[in-house]
Amino acid sequence: MAEKICVAVRVRPSISEESPSGTFWKIEDNRISLHKLHGTPISGLSYAFDHVFDESCSNSKVYELLTKDVIHAAVDGFNGTAFAYGQTSSGKTFTMNGSLNDPGIIHRAVNDVFQKIQMISDREFLIRVSYMEIYNEEINDLFAVENQKLPIHESLERGIFVAGLREEIVNNAEQVIKLLESGEVNRHFGETNMNARSSRSHTIFRMVIESKGIDTGSSDYSSSDAIRVSVLNLVDLAGSERIAKTGAGGVRLKEGKYINKSLMVLGNVINKLSNGAKQRAHIPYRDSKLTRILQTALGGNAKTSIICTVAPEEVHIEETKGTLQFASRAKRITNCAQVNEILTDAALLKRQQLEIEDLRRKLQGSRSEVLEQEILKLRNDMLKYELEREKLEMELEEERRSHKEREQHIRDQQLKIENLSSLVSDGDRSSSQDSMKESPKDECNDFKTPCFKETSNNAFVAKRSNYSELPDFSPLPDSFSNVADEDTWFKMNKGYIADLDSLQTTPARKVQSFPPQDITPDCSNDNYKLELQNLKTQLELVIKEKDELQRKHEEEVQINRRLMGEISELKQELDLSNNSLESSAQRYGNLEREFQKLKDERDSLLQTVSESSKNITFLTDQKENILKDLNCEVQRRKDLEAEIKQFSVAFASRQRSLASIHGEFKSKIEKLRAENLVRY
Ligand code: ADP
Ligand code: MG
């Protein structure tokens, strides 16, 4: 379904201390207008957009309102692009990269993508990232400094892509942030009057999100399942200001020119697209690298949002107006985004499917981080080998083409030489016969080329001789200055014989290598000899040239051979790398087996441990019971002892009382006895 590009304007906080003297930008809801200092708006300078963010707005809000939907759609398989446009120091980089306290759109998008895919349990994802800059119309890889001046290619399978660009497969947001930091170091920074660290390059951070449904019913993955592939571009453009304002010359001027070229083409593309379907006949995407790379994002299959950053200061009013006009035009563009489902081998996920399944099987039941690292490394290795192979194939193709061109060039030169030689030998023959009239028929054959055979004898040369009789003509242009080129001209015209004299529009020309006397009956022998001499010197020169060319050809053949050798060496290296990949896969298998063994051992140990701990618990329980019993016994013994003590105390006191009773009794008996004795 067609939908408009989402466009927002963001005004950064004012840097200058000065308060406005004549006009200021006023923001109301989603409208920005230029006002006179004391209120009244200036007509024709009021613009409405999807959002207008004032200076107090945070990156988090910009992300939520402007880009979040694009990012979420990318996870669902729609291409997405967010880019920041505006003059230098208006806040593009602040919006895209942000600050420590308020991370920008790129960081938020990366986090969001990983958070979102965590929540999707019925699809598996493969994410790779790349980071490039366009500096002076050359594409450089920010992940690999050695990859410079990369070409843009297009294929049915992959669409438009930057050949040789390093891509990294990533598992989590932290990895991406680290990669981005390393890439940032490689960015080109320059100095201008406007901003001491103004970036002079466009940067494109790209995430390719591939996903595939998981058949939860079984572990089988049908090979015909479609894979969704979406590309997410997050673009930080270089300053859009006019070069004059930067006040720079030399290198800086050159940079400015290129930046302006890219942005000018971007402006043209946006202009054409905003003019509606009628004028869409030709959109000049190919005129700059930037528009070519962003082609699908502009008027194509993508969800796009543009944030146009502006500076509020009065000195920047003209640039701000320019930016707002750009934004207004962009607002009129419609895109037609659809989920990209593909069935071909273009999806990396598909190419790595077998390996992934294998790894997943191996991984089942285990959550080891080390293993996941190993898998990520293997996947990245595989991707790297693929990219390297692609690069080698391209180089080989390039080499073949230039080789063919060189051969063609040499063939052309040889043809020229042969033509000249035959001409000279014919000239010799004619000279020895001392009559040119006698062999008029041969003249035509002297110019014989495969196509020329079909022409009649009297045609071109006869006409030209008439033609060349005219005096004081302008010299021939270079391409017609020798016979071979005339032949080529003939060939190009497929044997058509032109009556040059009848060509009124072209000024008459003089044939340098054929003076008027060459065939006319009244020519002088001396002149002819002179001409012959000339031709001979020319021939010598040409032969020399031919020798030189042959020498160069031999050199080139040598170079070719060396290159082929190098290529085959590289291939061997690739094979070696593949072997080492295989061996690391084997090593991985071994590790996996060892890991499994260790896991089994650990499990059995765990079982023994749990049994022993059961026993221990049982024994502890028993011990506790016994201790309890023992305590009871001890207590009882203590009680008994106390009782015994009490008893013995009581016993002793009883004994004592008994003894005293006994004593009393005894004394009583004694007394009684004595009384009795007295009585009796
Ligand atoms: P650009 O990339 O467009 O050249 P920058 O993003 O580098 O501009 O911004 C220039 C300066 O303004 C930086 O110091 C940046 O921190 C500051 N800046 C830009 N936008 C904002 C904002 N919305 N809030 C706070 N500071 C900002
Ligand atoms: Mg910047």
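A: What follows begins with the ligand and then moves on to strands, hairpins and a helix.

This is a predicted model, in which local features need a pLDDT of at least 70 and side-chain atom pairs count only at pLDDT 80 or more, while totals for chains, interfaces and linings use all residues. Residues are numbered from 1 along each chain as its sequence is written, chains are lettered from A and ligands numbered from 1 in the order in which they are written, and side-chain values use heavy atoms, with hydrogens and water left out.

From the backbone, an N or O atom of S89 lies 2.6 Å from an oxygen atom of ligand 1, and a polar backbone atom of G91 is 3.0 Å from an oxygen atom of the ligand. T93 takes part through its side chain, with a polar atom 2.7 Å from a ligand oxygen. Of the 560 Å² of accessible area that ligand 1 has on its own, the protein covers 70%, by the Shrake-Rupley method with a 1.4 Å probe; for residues, only the protein chains shown count as cover.

The next part is strand β14 (residues 227-236), which is largely enclosed by the rest of the structure because 8 of its 10 residues are buried; buried means under 20% relative accessible area, exposed over 50%, and partly exposed in between (1.4 Å probe, protein chains only). Strand β7 (residues 80-86) runs parallel to β14 and is joined to it by 5 bridges, two strands being paired if DSSP finds at least two bridges between them. In that pairing T81 stands opposite N233. Strand β13 (residues 202-213) runs antiparallel to β14 over 9 bridges, and there V208 faces V231. Strand β17 (residues 341-342) also pairs with β14 in the antiparallel sense, over 2 bridges, with E341 as the bridge partner of R228.

Two hairpins come next. Strand β4 (residues 31-36) and strand β5 (residues 41-48) are antiparallel, with 4 bridges, and I32 stands opposite Y47; among the 4 residues between these strands, G39 takes a positive phi near 115 degrees. Strand β8 (residues 123-135) is joined to strand β9 (residues 138-141) by 4 bridges, again antiparallel, and E133 has N140 as its bridge partner.

Most residues other than glycine have a negative phi. N136, in the loop between β8 and β9, has a positive phi of about 50 degrees although it is not a glycine, and at 16% relative accessibility N136 counts as buried. D29, in the loop between β3 (23-28) and β4, has a positive phi near 50 degrees, but D29 is exposed, with a relative accessible area of 72%.

T304 lies in strand β15 (residues 303-310) and is buried, with a relative accessible area of 5%. Its side chain reaches the backbone oxygen of A297 at 2.7 Å and makes a polar contact with the side chain of N335 at 3.2 Å.

Last comes helix α4 (residues 173-185), whose 13 residues should span 18 Å at 1.5 Å a residue, which agrees with end C-alpha atoms 19 Å apart; the expected span is 1.5 Å times one less than the number of residues. In α4 the buried residues are A173, Q175, V176, I177, L179, L180 and G183. An α-helix has 3.6 residues a turn, so residues three or four places apart point the same way.

Key. A polar contact is a pair of N or O atoms within 3.5 Å; within protein, one must be able to donate a hydrogen and the other to accept it, and residues adjacent in sequence count only if both atoms are side-chain atoms.
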